Amino acid sequence: MQSETTDDPDDPDSYVVEAEGNLEGIPPSSPTEIFPARSPVSSPVTRTLKRPPRVNTEREAVPDSPVQDHEQECQSPPSSPGRTPQPWEATQAFSTLTSSFGGGRDRRYASSSNSLNSQHPLMSGDTNVGTCIKLVKASKICDLEFPMPRCQDLDDSFFGLPTVDDIVLAVSHAWRNQVHPDPCGETLHFIRTFASGFQSDHGRTFFFIDFLSIPQRPFQTGQADRTPEEASQFSSALQMMHNVYFYADATLHVSTELEGPEIPGEGTFYTLPSRDLQSVSMDEVGSNVRITSRASRRRLTGGSCAPFDRVVALDGLPVTSVTQLQLQIRISGTVPVQLQRLPYGHRSLIPSFDRGWIFLERFIAMTKCAMVDEDAFVDVVLAYTPGILEQIRTGADKLREAALYDSNAKGSGQISSPNCPSKLQAVLREFIAELEGKQFSGTSVDAVKGIKRSQRGDTKPHSDSEVVADIMEGFVAHLQKRWNFERSQQRRRNRNYNIGWRGVLPNMRNMPNMPNM
């Protein structure tokens with residue numbers, strides 16, 4: 001049996017080899033070939049080895065997938081019907097299992113002699129990439145229609161599986177509306193512009209974009225809801241979402257204007273007689289009642305309601321229950337019902353800096369930056385909003401300093417017992433406390449439908465805040481146990497597969513000034 005453990009926490013190229021039996025039995029491609037062969041031994045032998053100097057070689061692109069195949073010119077998405085084109089201004093989830101980090105070093109970071117060497121770190125057996133989670137080819141980004149389509153509505157040609165030589169970018173962006181993150185196309189335009197200018201010295205480039213990578217609920221009339229299989233895929237994807245952001249090579253942080261382009265009619269109020277809602281399906285999302293299907297084709301008295309419109313009041317009284325509303329409709333068909341037009345569901349006006357989901361994704365970016373070399377920050381985080389860069393850099397510095405303090409004080413940097421917490425453990429808990437102060441829209445359709453919270457073993461509906469808290473708790477618990485190992489692997493991956501995406505910056509600087517959100 002042979003195993004590797006990190007010896008020097010500040011040097012990812014230093015490690016310890018423990019071997020039982022004949023060291024000559026270790027494959028020649030292993031680092032032990034730099035030592036003379038030894039005779040068989042009957043007890044374990046431990047040696048501290050130093051990897052040979054790394055030679056920087058330019059890796060070839062995957063056959064039939066040209067490195068530059070995504071550098072085609074991208075066009076801005078068409079304007080939505082009935083509105084004047086606006087300037088594009090853009091810059092800017094999920095129950096967890098702690099064991100989902102347990103892919104192990106042999107699975108996620110295979111050595112060169114291992115058959116798993118061809119896999120990208122994200123492609124371990126526990127991330128469900130390729131089944132529950134799909135990655136979009138950068139070469140297909142410009143082919144996306146407007147508004148952004150759902151994952152299950154895209155052809156398989158849009159997706160692919162990354163190899164060790166490919167680059168995976170996870171996109172962090174705030175959802176504008178309840179049922180669609182980007183109905184005005186601002187985020188999609190930003191990603192298109194980025195993809196058209198991005199150049200990599202490695203293989204292909206893939207994007208993780210939640211709406212395009214995980215099965216979604218309908219956002220337009222005529223779209224089918226998720227099938228039972230797709231619903232299961234969605235739940236499984238949520239359990240692994242933290243891995244996507246942590247093991248992706250970098251994160252693209254997109255921040256768009258809160259007061260961006262308007263959708264015609266969004267937010268306007270109208271009134272219908274209660275009988276016009278008799279053939280309409282409705283459900284409850286939090287404390288709101290919304291329309292889920294159109295009324296019958298017969299001519300309605302006051303017009304037609306549409307999916308996602310909110311039922312505001314019945315005869316002047318607030319409506320908070322479908323049962324209450326249906327009872328009143330049966331009693332009288334002439335009672336006035338006030339509704340609000342919401343073509344894509346509720347619009348969130350919470351700034352991205354205050355959103356819980358966004359904070360979690362940025363916290364994962366902080367962790368990655370704390371683990372790699374300080375000058376590699378620009379390779380792990382890409383954002384054109386100074387406030388985002390400052391937030392992530394500040395958090396990464398706190399984590400890095402805490403880990404270094406523990407390493408110097410205790411020699412290992414590992415988290416101590418709960419009765420005697422280390423500095424790193426204390427800093428990690430500070431971020432958990434900071435999450436508690438973040439806001440959630442409270443209208444997430446998936447959260448209120450109920451996602452199994454594995455740590456508590458129940459399946460009743462839960463809020464976004466509870467789901468995100470579960471993710472963060474599990475992620476922090478993993479970091480507390482395996483910080484040094486994850487750090488060494490993140491550094492090795494970053495050094496060997498340096499993104500080198502600075503060539504895209506001149507192209508993106510032509511974008512309008514971005515808001516500090």
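Start with strand β7 (residues 205-208), where Thr205 and Phe207 point one way, Phe206 and Phe208 point the other way, and all are buried. Buried here means under 20% relative accessible area, with exposed over 50% and partly exposed in between (1.4 Å probe, protein chains only). Strands (E, at least two residues) and helices (H or I, at least four) are DSSP runs, numbered from the N terminus. In a regular strand, side chains alternate between the two faces of the sheet.

A word on ground rules: this is a predicted model, so local features need pLDDT of at least 70 and side-chain atom pairs count only at pLDDT 80 or more, while totals for chains, interfaces and linings use all residues. Residues are numbered from 1 along each chain as its sequence is written, and side-chain values use heavy atoms, leaving out hydrogens and water.

Now look at what flanks β7. Strand β4 (residues 135-137) runs antiparallel to β7 and is joined to it by 2 bridges, with valine 136 opposite phenylalanine 207. Strand β6 (residues 167-173) runs parallel to β7, over 4 bridges, and there alanine 170 stands opposite phenylalanine 208. Two strands count as paired if DSSP finds at least two bridges between them.

Zoom out and you get an open sheet of 6 strands in the order β5-β4-β7-β6-β8-β15, with mixed pairing. β5 (159-160) and β15 (381-382) are at the edges with a single partner strand each, so one side of each has no neighbour in the sheet. The partner of β15 is β8 (residues 250-254), paired in the parallel sense over 2 bridges, and leucine 252 stands opposite leucine 382.

Across β6, β8 and β15 lies helix α7 (residues 356-371), running at about 140° to β6. That angle is between N-to-C directions, on a scale from 0 to 180 degrees, of axes fitted to C-alpha atoms, for helices over the stretch in contact.

What about the packing? The largest nonpolar core has 57 residues, and Phe208, Phe363, Leu399 and Met472 have the most contacts inside it. α7 gives the most to this core, with 10 residues. Such a core is a set of buried Ala, Val, Leu, Ile, Met, Phe, Trp, Tyr and Cys residues joined through side-chain atoms within 4.5 Å. Beyond its neighbours within four places in sequence, phenylalanine 208 is in contact (heavy atoms within 4.5 Å) with residues including Ile133, Leu169, Met241 and Tyr245.
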